[in-house]
Amino acid sequence: MAKSEKPTIFREERSPLKVTMLVFSGASIMCVASAVDPLRAANRISGETHFDFRLVSATGEPAITTCGLPVAVSGAFDPDEPCDVLMVIAGFGTQGYTTSKLLGGIRRCARQARAAGGIEAGTWLVARAGLLEGRAATTHWEDMEDFAAAFPDVEVRPDRYIIDGPVFTSGGAAPTFDLMLHLVRSRLGMATALDVASVFIYDQSRAATDAQPLVSLGRLDGYDPRLAQAIRLMEAHVDQPLTIAAIARRAGVTARTLESIFRGSIGETPGAYYLRLRLNAARRLVVDTRVSMAEVAERTGFSSAAAFSRSFSHAFGTPPVRMRKG
């Protein structure tokens, strides 16, 4: 910790932590719950208000999450309202919120607080407010490449969550739950953190520095490491696809054995799965970004925009240009 930085909130401390959660429409309900519920459970288990949290929105109106459920808030975000921690929770549509007034308010509030952080796409707003310059940060893996290009002064890592001095960032719902458990564990001890995890029957099996996967394998990691390794190779080479023979060789099996593993575990060939993985990545770029179709094709391993359009249309029943329009 630099001498000029505030003492971290991730340390043993029994005094209440006042947390302001700024929630935006377009956020995932799971990200909101992962931020709020571990702190709520820690208060209930300990019988004390160790985490004094309140949810606010930019306008004071409920934030509408991606599933359509509104998140009730206690009012509008007031940058001058004292808090120890500012947590910005966002998802789709952050570009529409980046007014100079809002970013100035986030910056002012964060500098008065002991810590500030971005949850999933909230990292974009924290970065646009100038709070991540010269720091390490993460965001959701879908946005990692674009985020790194937009903020060259930020050390972007694919970690699940990152704490860099008074600033923290998280890549999504499950990493946010891990981050909140880490906060509980740091302040109240391992026993309380285990009790909180038990409330949700939650088994934390990943470290903060583990890379975010494109494909969440769950227990497949434990059942067949060859399948897991093959899928990890595929997701690491979306833009420049490997041959199935090369994947099999790196996984230590023959191509025929790899096909048998995929058919038995997933119900399709490695080639079909790999193509679907690339096309799903392409669909996210088509729907969620404005990059050209030629760039989408290049970033998902197709030899040309025409070849990409044919495969996309066959998979989803509509050309990528039409899907983007509507």
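**View 1. G122 sits in helix α3, residues 122-128.** The model is predicted: local features need pLDDT of at least 70, side-chain atom pairs count only at pLDDT 80 or more, and totals for chains, interfaces and linings use all residues. Residues are numbered from 1 along each chain as its sequence is written, and side-chain values use heavy atoms, with hydrogens and water left out. Helices (H or I, at least four residues) and strands (E, at least two) are DSSP runs, numbered from the N terminus. G122 has a relative accessible area of 0% and is buried. Buried means under 20% relative accessible area, exposed over 50%, and partly exposed in between, with a 1.4 Å probe and protein chains only. Not counting residues up to four places away in sequence, G122 touches V88 and A90; contact means heavy atoms within 4.5 Å. The C-alpha atoms of G122 and I89 are separated by 4.8 Å, although these residues are 33 apart along the chain.

**View 2. E120 lies in strand β6.** E120 is not a glycine, yet its phi is positive, about 50°. Most residues other than glycine have a negative phi. The relative accessible area of E120 is 16%, and it counts as buried.

**View 3. The largest nonpolar core has 37 residues.** A nonpolar core is a set of buried Ala, Val, Leu, Ile, Met, Phe, Trp, Tyr and Cys residues joined through side-chain atoms within 4.5 Å. The residues with the most contacts inside this core are M21, V32, F51, L55, M87, I89 and V184. Two or more residues each come from β1 (17-23), α1 (29-46), β2 (51-56), β5 (85-90), β6 (115-120), α5 (173-188) and α6 (190-199). Helix α5 gives the largest share, eight residues. Leaving aside neighbours within four places in sequence, M21 is in contact with A35, V36, L39, F53, R54, L55, V56, M87 and I89. Another core, of 28 residues, lies apart from the largest one, and includes L102, A110, A129 and L132.

**View 4. Helix α9 (residues 244-251) has the buried residues A246, I247, A248 and A251.** These buried residues pack against α8 (225-236), α10 (255-265) and α11 (270-288). G252 follows α9 and has a positive phi, near 80°.

**View 5. R299 is in helix α12, residues 293-299.** The relative accessibility of R299 is 16%, and R299 counts as buried. Not counting residues up to four places away in sequence, R299 touches E145, D146, V238, D239, L285 and V291.

**View 6. The whole chain, for orientation, has 14 helices and 10 strands.** Its radius of gyration is 21 Å, close to the 20 Å that the globule rule gives for 326 residues, so the chain is as compact as a globular protein of that length. The radius is taken over C-alpha atoms, and the rule is 2.2 Å times the number of residues to the power 0.38. Along its principal axes the C-alpha trace spans about 60 × 45 × 40 Å. Of the 326 residues, 48% are buried. Among contacts between residues at least 6 apart in sequence, 63% join residues at least 24 apart.
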